Amino acid sequence: MLQLDRLTREALALANGEPADGSAPGAAEAEVARQLQICNACRYCEGFCAVFPAMTRRLSFPQADVHYLANLCHNCGACLHACQYAPPHEFAVNVPQAMAKVRLQTYTDFAWPPALGRLYQRNGLTLALAAALALSFFMLFTLWLKGTLWNVPPQTGFYGIFPHNLLVSLFAPIFLLAVLALALGVRRFWREVTPGHDYAAPAIAAVRVGATAEATQDALRLTYLDGGHGEGCHNEDDAWTKQRRVMHHLTFYGFLLCFAATGVATLYHYLFGWVAPYDLPSLPKLLGAVGGASLCIGTAGLYRLNLRRHPRHGDAAQKPMDRGFIALLFFTSLTGLGLWAARGSAAMPTLLALHLGFVMAFFLTLPYGKFAHGIFRSAALLKWAIEKRLPSQLKLGDD
């Protein structure tokens, strides 16, 4: 089912005498196509990141290609600072900003279920924190009614405060819905940009393994946040910095370690009957402590960089979504570390309720927040890794 935004753009295209077959670009896509036509003539930034060599394999930029290239862009900012046609030049080439506007549109258009796509534009700091605090308040109120808010026996575990089956019945549906929504969203995106539109299935199958390995490596290493020259990207000024890459890595691997801690604890519970909370030096405790500290430092650093980001680097409309996601991750890790430190104290029930509230809010907003960019970008990296292994469709003798 097409979304209202896409139908609106098609109606505008018809009004302007353009094709209305779904390939007609909106204003954001048309601006990216205009700028890439200029870039294709210049090619100064060809070695900066994957966007530019992918661009040179095209002479025109229909909507599907613009969506693909926008999600391949890492919003590094290096090409803006290097561009001779950037503002105040009359060509006004600003690839990072134009790509950012299209990316937000793709998150909205490909969201599942489609009716919730608009949440990408409303998933701001206020909404994210309001959801977390509302859920936390609900749990705190429940504990207060039970008289266990600040008056629990010292040796009581987590499940003495909230029964295990109750927690599973609350979190399992939210987690599964988040995974399903993300999977169906990226499936819709992949169907539009798939290399299968340009290359035969046997040719793609022949390069799929190598391409998947390379795309995975690029996603895990954040390869293109090195600015193309290994010295990093730009932030608030013309100086190169690796801070964005470092803070992204701390956040990403901190999240994975926390997720691994939960996974190991689940195995302990169901396979061995070992009930949480666990003591040092147990594996869930070590993974959770290291992951939580990494997540706290990474998200605090990303928030600082976001506040100082050059206004021309991105789309101002995305900032509420960016900051809401960063804040949820930060407070999830902070309350988790607080809960870790409060083990056995009277503060444990309150901190447990706060932590669970932030975790639930994080997964509730997961399919419609900044987390989606990692999924869509990984799909774009896979398309590029496949595409670069196959002959150019231009047949200009450049391959």
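Leu267 is partly exposed, with a relative accessible area of 48%, where buried means under 20% relative accessible area, exposed over 50%, and partly exposed in between, with a 1.4 Å probe and protein chains only. This leucine lies in helix α12, residues 243-272, and helices here are DSSP runs of H or I with at least four residues, numbered from the N terminus. Although Leu267 and Gly324 are 57 residues apart in sequence, their C-alpha atoms are 31 Å apart in space. The model is a predicted one, in which local features need pLDDT of at least 70 and side-chain atom pairs count only at pLDDT 80 or more, while totals for chains, interfaces and linings use all residues. Residues are numbered from 1 along each chain as its sequence is written, and side-chain values use heavy atoms, with hydrogens and water left out.

A second residue to look for is Ile204, which is found in helix α11, residues 201-221, and which is buried, with a relative accessible area of 7%. Leaving aside neighbours within four places in sequence, Ile204 is in contact (heavy atoms within 4.5 Å) with Pro195, Gly196, Tyr199, Ile386 and Leu390. The C-alpha atoms of Ile204 and Glu31, by comparison, are separated by 31 Å, and these two residues stand 173 residues apart along the chain.

The chain can also be read as domains, whose bounds come from an automatic or database domain assignment, and this gives domain 1 (1-109) and domain 2 (113-387). The contact between them takes 38 residues from domain 1 and 37 residues from domain 2, and the centres of the two domains, taken over C-alpha atoms, are separated by 28 Å. About 3,600 Å² is buried between domain 1 and domain 2, and carbon and sulfur atoms give 56% of this area; buried area is the accessible area (1.4 Å probe) that two parts lose on being put together, summed over both. Of the area that domain 1 buries against domain 2, His74, His81 and Tyr107 supply 22%, more than any other three residues. Across this interface the rule finds one salt bridge, a term that stands for a side-chain nitrogen of Lys or Arg within 4 Å of a carboxyl oxygen of Asp or Glu. Arg58 forms a salt bridge with Glu387, and the closest N and O atoms of the pair are 2.5 Å apart.

Finally, Leu145 has its place in helix α8, residues 125-146, and is exposed, with a relative accessible area of 59%.

Notes:
Helices (H or I, at least four residues) and strands (E, at least two) are DSSP runs, numbered from the N terminus.
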